[in-house]
Amino acid sequence: MSDPMRIRAQVQGSGAVVRVLMSHDMETGLRKDAAGRPVPAWHIRDLSVTLNGAALLRARWGPSLSRNPYLQFGLKDAAGGDVIGVDWTDTRGARRHDETVIG
Amino acid sequence: MQTRRDLLARSAALAALLAAGAAAPARAQSGGWNQAAFETKSVDESLKALGLAKPVESKDIVFTAPDIAENGAVVPIGVSTALPGVKRIAFLVEKNPTTLAGVFEFTDAVETSVKTRIKMGQTSNVLAVAITGDGKVLYAQKEVKVTLGGCGG
């Protein structure tokens with residue numbers, strides 16, 4: 001299992017700013033290991049963000065996202081105490097879910 | 001002849017299969033994952049694979065990226081737009097081995113603005129393509145000079 005995501009959600013005006021830092025190698029499939037064998041592609045390809053369980057944002061990623069991907073976006077309406085959930089699935093089918101409370 | 005041993009092995013395999021299926025919520029089935037689009041090697045191919053019309057350059061898309069990226073493995077980019085009805089934003093890197101970096105889908109509850117970090121193999125134009133609900137395709141682009149490539153090697 002991969003490391004937990006770091007999610008920060010802060011109220012700003014009537015909305016909130018959400019920052020997510022995921023822990024993932026995001027292999028492109030182009031790199032070769034020490035023995036010269038290609039390292040197969042392995043990256044997060046589907047990401048979804050929810051607010052109190054309702055869909056907010058979804059992303060599909062190729063291997064061009066940086067290692068340990070970062071995402072920042074803004075919510076129009078949010079209040080302290082609302083729950084932000086982030087789910088991702090990678091190309092091997094591994095998935096991870098983390099949540100944070102808007103503060 | 002069927003032995004007790006391979007019967008056991010088979011039922012174990014079946015159980016593993018069922019468990020894998022049960023652990024996959026329908027929502028995360030990555031319905032609509034467009035493998036072809038993520039394998040395209042030019043801007044035109046990517047747009048075609050995403051089913052998009054030829055994009056029109058727009059001043060209303062604010063695209064931020066560095067002029068010079070010292071490390072191509074981590075290039076911070078951001079896009080925001082006040083255009084109404086933008087449902088999706090795609091990032092394309094013209095000269096990367098695969099052009100399409102990612103597609104973001106927005107609901108009405110979020111601002112159509114996102115910041116992330118991408119990898120770039122070499123100096124290239126980077127495009128932010130915004131797609132509205134009624135099918136308009138607009139873009140903004142910027143050239144980012146890369147000192148050290150970030151795509152393997």
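I began with D25(A), which forms a salt bridge with R67(A), the closest N and O atoms being 3.2 Å apart. I counted a salt bridge where a side-chain nitrogen of Lys or Arg lies within 4 Å of a carboxyl oxygen of Asp or Glu. This pair links distant parts of the chain, 42 residues apart. D25(A) sits in the loop between strand 2 (15–21) and strand 3 (44–51) of chain A. R67(A) sits in the loop between strand 4 and strand 5 (70–75) of chain A. I took strands (E, at least two residues) and helices (H or I, at least four) as DSSP runs, numbered from the N terminus.

I noted the ground rules next. This is a predicted model, where local features need pLDDT of at least 70 and side-chain atom pairs count only at pLDDT 80 or more, while totals for chains, interfaces and linings use all residues. Residues are numbered from 1 along each chain as its sequence is written, chains are lettered from A and ligands numbered from 1 in the order in which they are written, and side-chain values use heavy atoms, with hydrogens and water left out.

**Other salt bridges**

I looked up how exposed D25(A) is. D25(A) has a relative accessible area of 31%, so it counts as partly exposed. My cut-offs were under 20% relative accessible area for buried, over 50% for exposed, and partly exposed in between (1.4 Å probe, protein chains only).

I then took E27(A), which forms a salt bridge with R31(A) at 2.6 Å between the closest N and O atoms. E27(A) is buried, with a relative accessible area of 8%. R31(A) is partly exposed, at 35%.

In chain B I checked K136(B), which forms a salt bridge with D134(B); the closest N and O atoms are 3.6 Å apart. K136(B) counts as partly exposed at 47% relative accessibility. D134(B) is exposed, at 58%. Elsewhere, salt bridges that share partners join D46(A), R58(A), R60(A) and E105(B) into one network.

How many salt bridges are there over all chains? I got 12 by this rule.

**Chain A overall**

Chain A has 0 helices and 7 strands. Its C-alpha trace spans about 55 × 20 × 20 Å along the principal axes. Of the 103 residues in chain A, 52% are buried. I also looked at contacts (heavy atoms within 4.5 Å). Among contacts in chain A with a separation of 6 or more, residues 24 or more positions apart account for 56%.

**Where A meets B**

I found 38 residues of chain B in contact with 33 residues of chain A. The two chains bury about 3,000 Å² between them, 50% of it on carbon and sulfur atoms. Buried area here is the accessible area (1.4 Å probe) that two parts lose on being put together, summed over both. In chain B, W33(B), R117(B) and K119(B) lose the most area to chain A, together 20% of what that side buries.

The count between the chains is 1 salt bridge. E105(B) forms a salt bridge with R60(A), with the closest N and O atoms 3.7 Å apart. Strand 6 (100–106) and strand 7 of chain B are the elements that give two or more residues to the side touching chain A. Strand 7 gives the most, with 8 residues.

I followed the strands across. Strand 4 (residues 54–61) of chain A and strand 6 of chain B run antiparallel, joined by 5 bridges. Strands pair, in my notes, if DSSP finds at least two bridges between them. W61(A) stands opposite G102(B) in strand 6 of chain B.

**Strand 4 of chain B**

Is this strand buried or exposed? Strand 4 (residues 75–81) of chain B has 5 of its 7 residues buried, so it is largely enclosed by the rest of the structure. I looked up its partners. Strand 2 (residues 61–64) of chain B pairs with strand 4 in the antiparallel sense over 4 bridges. In that pairing V62(B) stands opposite S80(B). Strand 7 (residues 110–118) of chain B pairs with strand 4 in the antiparallel sense over 6 bridges. Here K115(B) is the bridge partner of G78(B).
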